[in-house]
Amino acid sequence: MFLDFSTLKPREAYRWMASTIAPRPIAWVSSLSEDGVANLAPFSFFQMVTSRPPTLMISPLVQTNGSKKDTARNILDVGEFVVNLVPYGLRDIMNQTSFGYDGETSEFDVCGVARAPSQLVKPPRVAGVPVSFECRLISCTPYPETQPSCYVIFGEVVAAHIEESILAENGEIDPNRLDLLSRMGSDWYGRTASSANFEMGRPEGWRR
């Protein structure tokens with residue numbers, strides 16, 4: 001099967017890409033409006049960029065009417081956000097926060113999400129998640145430049161909150177205790193905790 005993407009509608013391209021580029025980690029992003037409304041929304045267009053400086057990327061899509069999503073607008077206005085990682089146990093409540101509430105509505109409140117204070121940034125973090133990264137805005141770039149379909153946001157990680165319950169005896173993260181959700185195509189999700197996971201060392205001679 002061959003797909004010429006120049007002949008596909010954007011929604012068709014999205015379906016093929018989102019169904020095959022999987023699993024994708026989920027950033028459950030908490031942000032704060034200039035009026036103090038705490039927003040919370042999940043994004044699977046999310047990745048670690050580099051550790052020097054420690055930087056994350058999220059890419060909120062543009063609304064169908066061409067406006068920014070609340071998350072992108074809040075990050076631009078306040079310059080700070082928190083990336084919370086979603087455990088399997090909070091899958092249903094995470095899904096509910098993906099609903100398109102208006103900017104004056106806090107998903108924390110309407111969806112009953114417990115919040116906890118951050119230490120170095122203003123937006124709250126989600127209580128009960130295994131990992132939260134406090135971030136400050138580095139850049140927010142509309143893409144493509146003309147008629148953008150998304151905003152590519154880089155944030156520098158300034159602090160992290162890690163639950164000690166996910167640590168192995170050696171002090172490192174135990175993937176099976178982490179048990180995060182991942183996004184796949186259509187309505188499918190995955191879990192990082194799996195009996196199919198395995199370890200593989202670097203090739204011989206690899207310099208760590």
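# Close-up views of a predicted model

**View 1. Strand β2 is a mostly covered strand.** In β2, 6 of its 6 residues are buried. This is a predicted model, so every view below shows computed positions. Let us look at the side chains of β2 first. A27, V29 and S31 point one way, while W28, S30 and L32 point the other way, and all of them are buried.

**View 2. β2 has β3 for a partner.** Here β2 and β3 pair in the antiparallel sense, over 6 bridges. If you find W28, you can look across to P42 in β3, which it stands opposite. The hairpin of β2 and β3 has 5 residues between the strands, and in this hairpin G36 takes a positive phi near 90°.

**View 3. β2 also pairs with β6.** The two strands pair in the antiparallel sense over 4 bridges. W28 is again a handy landmark, as it stands opposite N84 in β6. As a general point, strands of a sheet pair through backbone hydrogen bonds, either parallel or antiparallel.

**View 4. Stepping back, 7 strands form an open sheet.** In what order do the strands come? The order is β3-β2-β6-β9-β10-β5-β4, with antiparallel pairing. The edge strands are β3 (38-43) and β4 (46-51), each of which pairs on one side only. From one strand to the next, the twist averages 30°. Helix α2, residues 70-78, packs on this sheet and touches β2 (27-32), β3, β5, β6 (80-85), β9 (131-143) and β10 (150-162). The direction of α2 makes about 50° with that of β2.

**View 5. β9 is paired with both β6 and β10.** β6 and β9 run antiparallel and are joined by 5 bridges. Across this pairing, F81 stands opposite C135 in β9. How many bridges join β9 to β10? There are 12, and these two strands also run antiparallel. In the hairpin of β9 and β10, 6 residues lie between the strands, and Q147 takes a positive phi near 50°.

**View 6. β4 is joined to β5.** β4 and strand β5 (residues 54-58) run antiparallel, with 5 bridges between them. F46 has I58 in β5 as its bridge partner. Leaving aside neighbours within four places in sequence, I58 is in contact with A27, V29, F45, F46, T71, I75, F81, Y151, V152 and I153.

**View 7. The largest nonpolar core holds 22 residues.** Which of these residues touch the most other members? They are V29, F46, I58, F81, V83 and I153. At least two residues of this core come from each of β2, β3, β5, α2, β6, β9 and β10. Apart from this core lies another, of 14 residues, including A38, Y101, C111 and V129. In general terms, nonpolar side chains in soluble globular proteins tend to be buried together.

**View 8. Y14 and F45 make an aromatic pair.** The count of aromatic pairs comes to 2. In the pair of Y14 and F45, the ring centres are 6.3 Å apart and the planes stand at 45°, so the pair is tilted. Y14 lies in helix α1 (residues 10-20) and F45 in the loop between β3 and β4, so the pair ties together parts that are 31 residues apart in sequence.

**View 9. Two arginines sit over tyrosine rings.** R91 lies over the face of Y88, 4.0 Å from the ring centre. The charged end of R183 sits over the ring of Y189, at 4.5 Å from its centre.

**View 10. P130 is a buried loop residue.** This proline lies in the loop between β8 (125-126) and β9. Why does P130 count as buried? Its relative accessibility is 7%, and the cut-off for buried is under 20%. Not counting residues up to four places away in sequence, P130 touches L85, P87, H161, I162, E163, I166, L178 and L180. P130 and L120 are 10 residues apart in sequence and, C-alpha to C-alpha, 18 Å apart in space.

Methods:
Residues are numbered from 1 along each chain as its sequence is written. This is a predicted model: local features need pLDDT of at least 70, side-chain atom pairs count only at pLDDT 80 or more; totals for chains, interfaces and linings use all residues. Side-chain values use heavy atoms; hydrogens and water are left out. Two strands pair if DSSP finds at least two bridges between them. Axes are lines fitted to C-alpha atoms, for helices over the stretch in contact, and angles run from 0 to 180 degrees between N-to-C directions. Contact means heavy atoms within 4.5 Å. Buried means under 20% relative accessible area, exposed over 50%, partly exposed in between (1.4 Å probe, protein chains only). Rings of Phe, Tyr and Trp (its six-membered ring) pair if their centres lie within 6.5 Å; planes under 30 degrees apart count as stacked, over 60 as edge-to-face and the rest as tilted. A charge sits over a ring if NZ of Lys or CZ of Arg is within 6 Å of the ring centre and within 35 degrees of the ring normal. A nonpolar core is a set of buried Ala, Val, Leu, Ile, Met, Phe, Trp, Tyr and Cys residues joined through side-chain atoms within 4.5 Å.
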